[in-house]
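Here is a protein chain to look through together, one question at a time. Let's start with its rings and then move on to its charges.

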Amino acid sequence: MKNNFTRALLALFLLIGFQSYAQDEDSQKKDDQFNVGDRKHEIRLDVFDAAFFSAIDLSYERVNDAAYGYGASLFLNFRSGDDGSYYEKFAFTPFFRFYFFNKEDYGAKGLFVEVFSKFASGENFDNIFDDVENEVDYFDAALGLAIGKKWVNRRGFMLEISLGGGRNIGLDDNSPDFTFRGGVSLGYRF
């Protein structure tokens, strides 16, 4: 009789153990859907460029760990530069970011410093103050720095603000001396 009671008690403990393990696993799966720390890919759209310059600036970033990430941006301008708007027509910008002051469990958010290179083509206008404007196309490469801040919520949606610039290296005599990088972006980490 004691053997049957012991077996029943052991079976009850095993059943309770499996039940609590299954509940922990279910709650873990629910928490994992919000675990941004395991997500390594981000895509962003610069809404400032889209709203004010009729341009698309799309970025992809690979989050390596909490301290740094790397990626590239693609910029396409759909307006002509003769109206005084943005002079770049196309730009491809690889970048590398270092994140600082990160106190969360998941990283690649908060204050960052970015090192970038930019390969851009566009229209430069000579003699803009003369009566005759001479439109000159150019292609050049630049090196630069930017600083910014990124906020990421538990579901992976993000807001990013950045500002920076660089100097063109002079592949084309018609290119401007300096280049700009920055904006206000919305995105998603997946």
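Q: How many aromatic pairs does the count come to in this structure?
A: Keep in mind that this is a predicted model. Two rings of Phe, Tyr or Trp pair if their centres lie within 6.5 Å. By this rule, the number of aromatic pairs is seven.

Q: Is the pair of Phe48 and Phe52 stacked, edge-to-face or tilted?
A: The ring centres of Phe48 and Phe52 are 4.9 Å apart, with the planes at 50°. Planes under 30 degrees apart would count as stacked and those over 60 as edge-to-face.

Q: About how many helical turns separate Phe48 and Phe52 in helix H2?
A: Helix H2 covers residues 47-52, and both Phe48 and Phe52 belong to it. They are four residues apart, so the separation is about one helical turn.

Q: How many residues apart are Tyr87 and Tyr138, whose rings pair?
A: The rings of Tyr87 and Tyr138 have centres 6.5 Å apart and planes at 40°, so this pair is tilted. Tyr87 sits in the loop between strand S3 and strand S4, while Tyr138 is in strand S6. The pair links distant parts of the chain, and the separation is 51 residues.

Q: Is Tyr138 buried or exposed?
A: Tyr87 has a relative accessible area of 24%, which makes it partly exposed. For Tyr138 the value is 5%. Buried means under 20%, so Tyr138 is buried.

Q: Over the face of which residue does Arg97 lie?
A: Arg167 lies over the face of Phe178, at 5.1 Å from the ring centre. Arg97 also lies over a ring face, at 4.0 Å from the centre, and the residue there is Phe112.

Q: With which residue does the side chain of Glu160 make a polar contact at 2.8 Å?
A: Glu160 is found in strand S7 and is buried, with a relative accessible area of 3%. Among the residues it touches are Arg44, Arg97, Phe112 and Lys149. The polar contact at 2.8 Å is with the side chain of Arg97.

Q: How many residues apart in sequence are the parts tied together by Arg44 and Glu160?
A: Arg44 forms a salt bridge with Glu160, with the closest N and O atoms 3.3 Å apart. Arg44 lies in strand S1 and Glu160 in strand S7, so the pair ties together parts whose separation in sequence is 116 residues.

Q: In which strand is Glu61, which meets Arg44 in a salt bridge?
A: The side chains of Arg44 and Glu61 meet at 3.0 Å, N to O. Both residues are buried. They are 17 residues apart, with Arg44 in strand S1 and Glu61 in strand S2.

Q: How many salt bridges does a search of the whole structure find?
A: Side chains of opposite charge can pair when their charged atoms come close. A network of salt bridges links residues including Glu42, Arg44, Glu61, Arg97 and Glu160. Across the whole structure, the number of salt bridges found is 11.

How values were computed. Residues are numbered from 1 along each chain as its sequence is written. This is a predicted model: local features need pLDDT of at least 70, side-chain atom pairs count only at pLDDT 80 or more; totals for chains, interfaces and linings use all residues. Side-chain values use heavy atoms; hydrogens and water are left out. Rings of Phe, Tyr and Trp (its six-membered ring) pair if their centres lie within 6.5 Å; planes under 30 degrees apart count as stacked, over 60 as edge-to-face and the rest as tilted. Helices (H or I, at least four residues) and strands (E, at least two) are DSSP runs, numbered from the N terminus. Buried means under 20% relative accessible area, exposed over 50%, partly exposed in between (1.4 Å probe, protein chains only). A charge sits over a ring if NZ of Lys or CZ of Arg is within 6 Å of the ring centre and within 35 degrees of the ring normal. Contact means heavy atoms within 4.5 Å. A polar contact is a pair of N or O atoms within 3.5 Å; within protein, one must be able to donate a hydrogen and the other to accept it, and residues adjacent in sequence count only if both atoms are side-chain atoms. A salt bridge is a side-chain nitrogen of Lys or Arg within 4 Å of a carboxyl oxygen of Asp or Glu. Lists of a residue's contacts leave out its neighbours within four places in sequence.
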